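Q: Please take me through this structure one feature at a time. I would like to know how each kind of feature is read.

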Amino acid sequence: MYVRKIIHIDMDAFYASIEQRDNELYRGKPLAVGYAGDRGVVAAASYEARTYGVRSAMPSKTALRKCPHLIFVPARFDVYKSVSNQIMDIFLDYTDLVEPLSLDEAFLDVTENHKALPYATQIAKEIRKKIYEETSLTASAGVSYNKFLAKIASDYKKPNGLFIIRPKDAESFVETLPIERFFGVGKVTAQKMHQLGIKNGADLKAKSEPELVSLFGKAGHMYYMNARAIDDRKVEPNRERKSVGSENTFSRDIDSFEELAIELDEIAKDVVERITRSEFLGRTITLKAKYADFKTITRSKTLLSMVTDYETLYKVGFELMKDIDISAKVRLLGLSIKNTDSIIWHDAIQLSLEFKDWDDFTRLKE
């Protein structure tokens, strides 16, 4: 029997966590991303704010009544988009079958993966570790054999959790699941189900498919299948890879140019192996360095032709490395290749997302 290996990664309070990461005054405090005015809406809430009942898409007035000392900060969608790109690149190191659902969550099919790792749980652990190392943010992961179960699992031990639903446990797990946790069951549908005596997966499973379709229309087919832990949807990749790179966080800070050159050699070899394996073509080489005080710099050079060999990559990387301030000590070094599309995005004024107002944002989150 062919069993797929699906991971769902969901960042923890993504927008709010970025704001707390970037400003130490916000850490450990109830915070909302959004506008506190009369028509304001909470775009995202920190976990500290959630303990007061503050939620995304909540009117700001309501949020302030629940938590009078709530801190509001304006959204920085250009920053959220940039961090999201970092995270998606980590996913693509493991599989090309990545289906983003939003800036902060995605499905991954790792049945066949670039690193030939046998266990999806191992991959989920590595991805969460890399996300934290590169962004200082936490992510929750769910692992199972289909998208429905993987998404439920990622929410099961939030924040910063990992949960696995194995095939042998799936049906019994779904039977105990509150109906509100089922995909596609919102407040209105949940209320209707409760009125019909459907409170959990077992109650839903007791209904026939024709009965569910008559009650809920086309969604009834999905409810019938999900109640039996069945979901045949494939992970549908819809994001073209923009870059390939590799980086290394050193066990100790380095203040020797010769040592950095040795590290660059290993990193460049890894990048060439990755672009060869993925048949990726790009012509902008970017060197990244993070100092001991966590300050990060990048230096880039765009070539006339695509980068395909180690010699070119290492030579350009070595030239770019001459801008590094060795006296500041380096804790991380990275090298990446970007294609033409991402060159335009990187070098132009950073684009904002296409949210014209908070109503647009709220509809997207729903």
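This is a predicted model: local features need pLDDT of at least 70, side-chain atom pairs count only at pLDDT 80 or more; totals for chains, interfaces and linings use all residues.

Q: Is Ser144 buried or exposed?

A: Buried means under 20% relative accessible area. Ser144 has 6%, so it is buried. Its side chain also reaches the backbone oxygen of Ile165, at 2.7 Å.

Q: How many salt bridges does the structure hold?

A: A salt bridge requires a side-chain nitrogen of Lys or Arg within 4 Å of a carboxyl oxygen of Asp or Glu. The structure holds 21 of them. One of these is formed by Asp10 and Lys158, whose closest N and O atoms are 3.9 Å apart.

Q: Which parts does the pair of Asp10 and Lys158 tie together?

A: Asp10 belongs to strand E1 (residues 6–11), and Lys158 to the loop between helix H6 (147–156) and strand E8 (162–164), so the pair links parts 148 residues apart in sequence. Asp10 counts as buried, at 14% relative accessibility. Lys158 is partly exposed, with a relative accessible area of 23%.

Q: With which residue does Arg181 form a salt bridge?

A: Its partner is Asp155, with the closest N and O atoms 3.9 Å apart. Arg181 sits in the loop between helix H7 (170–175) and helix H8 (187–195), while Asp155 is in helix H6, so this pair ties together parts 26 residues apart in sequence. Arg181 is partly exposed at 31% relative accessible area, and Asp155 is partly exposed at 40%. Salt bridges that share partners also join Glu19, Arg21, Asp22 and Arg76 into one network.

Q: Which residue caps the N-terminal end of helix H10?

A: Ser208 caps that end of H10 (residues 209–216), and one of its side-chain oxygens lies 3.2 Å from the backbone nitrogen of Glu211. Glu211 also takes part in a salt bridge with Lys207, where the closest N and O atoms are 3.6 Å apart. Glu211 is partly exposed, with a relative accessible area of 32%. After H10 comes Gly217, with a positive phi near 70°.

Q: What is the peptide bond from Lys158 to Pro159, cis or trans?

A: Most residues other than glycine have a negative phi, and most peptide bonds are trans. The bond from Lys158 to Pro159 is cis, with omega near -5°. Pro159 lies in the loop between H6 and E8.

Q: What is the phi of Ala229, and what is that of Lys329?

A: For Ala229, phi is positive, near 60°, in a residue other than glycine. Ala229 is in the loop between helix H11 (219–226) and strand E9 (243–254), and it counts as buried at 2% relative accessibility. Lys329 has a positive phi near 65° and is likewise a residue other than glycine. Its loop runs between helix H13 (310–321) and strand E12 (330–338). Lys329 is partly exposed, with a relative accessible area of 37%.

Q: Which residues gather in a patch of positive charge on the surface?

A: Lys and Arg count as positive here. The patch consists of Arg50, Arg55, Arg65 and Lys66. Of these, Arg65 has its place in helix H3 (residues 60–66). The exposed class begins over 50%, and Arg65 is exposed, with a relative accessible area of 61%.

Conventions
Residues are numbered from 1 along each chain as its sequence is written. Side-chain values use heavy atoms; hydrogens and water are left out. Patches are made of residues with over 30% relative accessible area and no salt bridge: like charges are joined within 9 Å, nonpolar side chains (Val, Leu, Ile, Met, Phe, Trp, Tyr) within 5 Å. Accessible areas come from the Shrake-Rupley method with a 1.4 Å probe; for residues, only the protein chains shown count as cover. The place of a charge is taken as NZ of Lys, CZ of Arg, CG of Asp or CD of Glu. Helices (H or I, at least four residues) and strands (E, at least two) are DSSP runs, numbered from the N terminus. Buried means under 20% relative accessible area, exposed over 50%, partly exposed in between (1.4 Å probe, protein chains only). A polar contact is a pair of N or O atoms within 3.5 Å; within protein, one must be able to donate a hydrogen and the other to accept it, and residues adjacent in sequence count only if both atoms are side-chain atoms.
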